[in-house]
Structures are given as structure tokens and as C-alpha cells.
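Dear colleague,

My findings follow directly after it, and I would be grateful for your comments.

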Amino acid sequence: MEFVLIASAHFLALLSPGPDFFLILQAALRLPLRYAFLVCAGIAAANGIYLIIAVLGLETVRAMSAPMRVLQWLGSGYLIYVGIMLLR
């Protein structure tokens, strides 16, 4: 279940244009199209590796209850902080 949650959050983050989008756009406009495909493949591979590392790290921390509880409290505190800053 966590994998689906992390994968969907990662997918939504990829929808917004960021540095990857501009790198692909630049490669597609300035270089032959095969280089743009290679850039896309490299970005997809790096995102896949990052996702695997994130899931494995979460599962490792979940096995230890104290660090997991600390991460949950820090995460909830950060979300409260961001919410307060958004309301200002």
C-alpha cells in the first residue's frame, strides 16, 4: 500500500514542469531526437532508483518503532508549520 502511495505522489510531482522538463525540452530542440529519448530514459531510471531507495528506507525505518514515531511527529509538525505559513 505504501508503494502505491509513494508512487502516486511521485507521479503527481512529475506532472509539474521542473528542471527535468526543461532539460528534456532543451535536448529535444537543440540535439537530435535520439538524445532526447536517452535523456528521458536516464531521468526515468533515476526516478525509479530514487523510488526504490525511498520505499526500502521507509520499510527499514518502519521496523524500528522509535525512529518511525519521531519521523511521524516531525512530519506532522512540518505540515502544521506549512499550513500556518500558507494561512498568513
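In this predicted model, H10 is located in helix α1. The relative accessibility of H10 is 18%, so the residue counts as buried, given that the limit for burial is under 20%. Leaving aside residues up to four places away in sequence, H10 is in contact with N47 and Y50.

N47, one of the contacts of H10, belongs to helix α3. With a relative accessibility of 17%, N47 also falls under the 20% limit and therefore counts as buried. Beyond residues up to four places away in sequence, N47 touches H10, L14 and D20.

Turning to helix α3 as a whole, this element covers residues 33–63, 31 residues in number. The buried residues in α3 are A36, I43, N47, L51, V55 and V61. What do these buried residues of α3 pack against? Their partners are α1 (2–15), α2 (19–30) and α4. As a general point, an α-helix has 3.6 residues a turn, so residues three or four places apart point the same way.

Helix α4 comprises residues 65–87 and includes Y81. Y81 is also part of a nonpolar patch on the surface, together with Y78, L79, I80, V82, I84 and M85. The accessible area of this patch is about 730 Å² in total.

Finally, the aromatic side chains. The count comes to 1 aromatic pair. F21 and F22 form this pair, with an edge-to-face arrangement: the ring centres are 5.2 Å apart and the planes are at 75° to each other. F21 has a relative accessibility of 43% and so counts as partly exposed, a class that lies between the limits of 20% and 50%.

With kind regards

Technical notes. Residues are numbered from 1 along each chain as its sequence is written. This is a predicted model: local features need pLDDT of at least 70, side-chain atom pairs count only at pLDDT 80 or more; totals for chains, interfaces and linings use all residues. Side-chain values use heavy atoms; hydrogens and water are left out. Rings of Phe, Tyr and Trp (its six-membered ring) pair if their centres lie within 6.5 Å; planes under 30 degrees apart count as stacked, over 60 as edge-to-face and the rest as tilted. Buried means under 20% relative accessible area, exposed over 50%, partly exposed in between (1.4 Å probe, protein chains only). Patches are made of residues with over 30% relative accessible area and no salt bridge: like charges are joined within 9 Å, nonpolar side chains (Val, Leu, Ile, Met, Phe, Trp, Tyr) within 5 Å. Accessible areas come from the Shrake-Rupley method with a 1.4 Å probe; for residues, only the protein chains shown count as cover. A salt bridge is a side-chain nitrogen of Lys or Arg within 4 Å of a carboxyl oxygen of Asp or Glu. Helices (H or I, at least four residues) and strands (E, at least two) are DSSP runs, numbered from the N terminus. The expected span of a helix is 1.5 Å times one less than its number of residues. Contact means heavy atoms within 4.5 Å.
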